[in-house]
Amino acid sequence: MHDSPAPVDPAVDDLAARLRRLPPSCGPVRLVGVDGHAGSGKSTFAGRLADALGGAPVLHLDDIATHEELFAWTDRLLDQVIEPLRHGRSARYAPYDWRERGFGPARVLPSAPVVVVEGVGAGRRVLRPFLAWLVWMEVAEGDAWARGRARDGAEQDDFWADWVRAERRHFAEDPSRPFADLLIRPGNAGYEVLTGPPTAPGSAPHLTQGDEPSAMC
């Protein structure tokens, strides 16, 4: 499920301004990956960052993944999204319908100064060379999964059991957090933004936003 973006505060605007000053990473595009455990709030944060960037395009990786390919979607993403953006063209991809278990009509992802890619696996090794920034949502896996299960309801328990196993296997084989440029820790009153793992967390500044907590995804 994709969250509706909420209003941003000056701290997130400042983060967006820093991003605009980065050099392009994927052709003319500054590609930002927002990764983390399922249920950690990736799409909420991605939406707020996109708003602060004046409506930057956002690609949700749950439109690329499928029931049969929870993480084996790399080639599809490279072919349908990364290659066109690298050449300054808008991308066209067929979003997956999780209810109908099939791909829907093609959707356009415009080439823009900044494009946000959010979802579990956004920081995988084959994508990192194309990223201007990799952001990791700093929420413990157990807490994130509990939020996701509560959001989706009991009817999705079987899916979640399969998902947890697949996600653990993915991050064991291809971790993202060690390569993150920023760690984003959601809180009741806003976000705490830290530099990535090479820097001690206590040395990084906090960015806060006054919105109430949103549904995590």
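Arg125, Arg128 and Asp174 are linked in a network of salt bridges. By salt bridge I mean a side-chain nitrogen of Lys or Arg within 4 Å of a carboxyl oxygen of Asp or Glu. This is a predicted model, so local features need pLDDT of at least 70 and side-chain atom pairs count only at pLDDT 80 or more, while totals for chains, interfaces and linings use all residues. Residues are numbered from 1 along each chain as its sequence is written, and side-chain values use heavy atoms, with hydrogens and water left out.

Helices here are DSSP runs of H or I with at least four residues, strands are runs of E with at least two, and both are numbered from the N terminus. Is Asp174 buried or exposed? Asp174 counts as buried, at 10% relative accessibility. The cut-offs are under 20% relative accessible area for buried and over 50% for exposed, with partly exposed in between, using a 1.4 Å probe and protein chains only.

The structure holds 9 salt bridges. In α3, Glu83 and Arg86 are 3 residues apart, about one turn of the helix, and their side chains meet at 2.7 Å, N to O. Glu83 is partly exposed at 29%, and Arg86 is partly exposed at 38%. In α5, Arg165 and Asp162 are also separated by about one helical turn, because they are 3 residues apart. Their salt bridge is 2.4 Å, N to O. Arg165 counts as partly exposed at 49% relative accessibility, and so does Asp162 at 42%.

Which residues touch the most other members of the largest nonpolar core? They are Leu31, Leu59 and Leu77, in a core of 37 residues. A nonpolar core is a set of buried Ala, Val, Leu, Ile, Met, Phe, Trp, Tyr and Cys residues joined through side-chain atoms within 4.5 Å. At least two residues of this core come from each of α3 (74–86), β3 (91–93), β7 (114–118), β8 (131–137) and α5 (157–173). Helix α5 gives the most, with 5 residues. Leaving aside residues up to four places away in sequence, Leu77 touches Leu59, Leu61, Ile64, Ile82 and Leu127. There is also a second, separate core of 22 residues, including Val12, Leu15, Ile184 and Val193.

Strands β9 (residues 182–186) and β10 run antiparallel and are joined by 5 bridges; pairing requires at least two DSSP bridges between the strands. Leu182 stands opposite Thr195 in β10. Strand β10 (residues 191–195) is largely enclosed by the rest of the structure, because 4 of its 5 residues are buried.

Last, the totals. The protein has 5 helices and 10 strands. Of its 217 residues, 51% are buried. Among contacts (heavy atoms within 4.5 Å) with a separation of 6 or more, 70% are between residues 24 or more positions apart. The accessible surface is about 10100 Å², and 52% of it belongs to carbon and sulfur atoms. That area comes from the Shrake-Rupley method with a 1.4 Å probe; for residues, only the protein chains shown count as cover.
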